[in-house]
Amino acid sequence: MNLKILSWNVRGLNDSRKCLIVKNLLREWKCDVICLQETKVAGFDRQMVGNLWSCPFVDWVALDAVHTAGGILLMWDRRVLERKEVLVGSFSVSVQWQGVGGRLPLGVFGGLWPYR
């Protein structure tokens, strides 16, 4: 099985026009794992994540932005990957997964939030 993984510095998701662009591209690219960096969003909830990535099987973890700096949103398709462990640090997000049905070995993916 080949995973499609996207890591993207979006430089902010507080503009509705930019969110629409990101949403349309995510739909077109059909990724399994998406890491959005520099979201500049102080808090994500299920509705915001669902509106951004229209995959109904999305699971996610986020590192909130501080004021208007940083922020990471890591999303994946639960039909493909099962979350085992999550570590949200001061400047990073790491997730350990296993492929659904044991098809894939465990893996770790993290996004870095640059220190300023």
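1. Buried means under 20% relative accessible area, exposed means over 50%, and partly exposed lies in between, with a 1.4 Å probe and protein chains only. By that rule Asp77 is buried, at 5% relative accessibility.

2. The model is predicted: local features need pLDDT of at least 70, side-chain atom pairs count only at pLDDT 80 or more, and totals for chains, interfaces and linings use all residues. Residues are numbered from 1 along each chain as its sequence is written, and side-chain values use heavy atoms, with hydrogens and water left out.

3. Helices (H or I, at least four residues) and strands (E, at least two) are DSSP runs, numbered from the N terminus. Helix 1 covers residues 16–29, which is 14 residues, and spans 20 Å from its first C-alpha to its last, close to the 20 Å expected at 1.5 Å a residue. The expected span is 1.5 Å times one less than the number of residues. Just after the helix, Lys30 has a positive phi of about 50 degrees.

4. The N-terminal end of helix 1 is capped by Asp15, which has a side-chain oxygen 2.8 Å from the backbone nitrogen of Arg17. Asp15 and Arg17 also form a salt bridge, with their closest N and O atoms 3.0 Å apart; the term stands for a side-chain nitrogen of Lys or Arg within 4 Å of a carboxyl oxygen of Asp or Glu. Arg17 is exposed, at 63% relative accessibility, while Asp15 is partly exposed, at 31%.

5. The count of salt bridges comes to four. One of them joins the side chains of Asp77 and Arg79, at 2.6 Å from N to O. Asp77 is the buried residue of point 1, and Arg79 is partly exposed, with a relative accessible area of 46%. Another joins Lys84 and Glu82, at 3.5 Å from N to O. Lys84 is partly exposed at 40%, and Glu82 is partly exposed at 38%.

6. Four strands make an open sheet in the order 1-2-4-3, with mixed pairing. Its edges are strand 1 (5–9) and strand 3 (58–63), each of which pairs on one side only. From one strand to the next the twist averages 10 degrees. Two strands count as paired if DSSP finds at least two bridges between them.

7. Strand 2 (residues 33–37) and strand 4 (residues 72–77) are antiparallel and share five bridges. Within this pairing, Leu36 stands opposite Leu73 of strand 4. Helix 1 packs on the sheet and touches strand 1, strand 2 and strand 4, where contact means heavy atoms within 4.5 Å. The direction of helix 1 makes about 160 degrees with that of strand 1; axes are lines fitted to C-alpha atoms, for helices over the stretch in contact, and angles run from 0 to 180 degrees between N-to-C directions.

8. Strand 3 also runs antiparallel to strand 4, joined by six bridges. Trp60 stands opposite Met75 in strand 4. Strand 3 is mostly covered, six of its six residues being buried. Val58, Trp60 and Ala62 point one way from the strand, whereas Asp59, Val61 and Leu63 point the other way.

9. Cys19 is located in helix 1 and is partly exposed, with a relative accessible area of 24%. Apart from neighbours within four places in sequence, Cys19 is in contact with Leu13 and Leu52. Leu52 is 33 residues away from Cys19 along the chain, yet their C-alpha atoms are separated by 6.6 Å.

Note on methods. A polar contact is a pair of N or O atoms within 3.5 Å; within protein, one must be able to donate a hydrogen and the other to accept it, and residues adjacent in sequence count only if both atoms are side-chain atoms.
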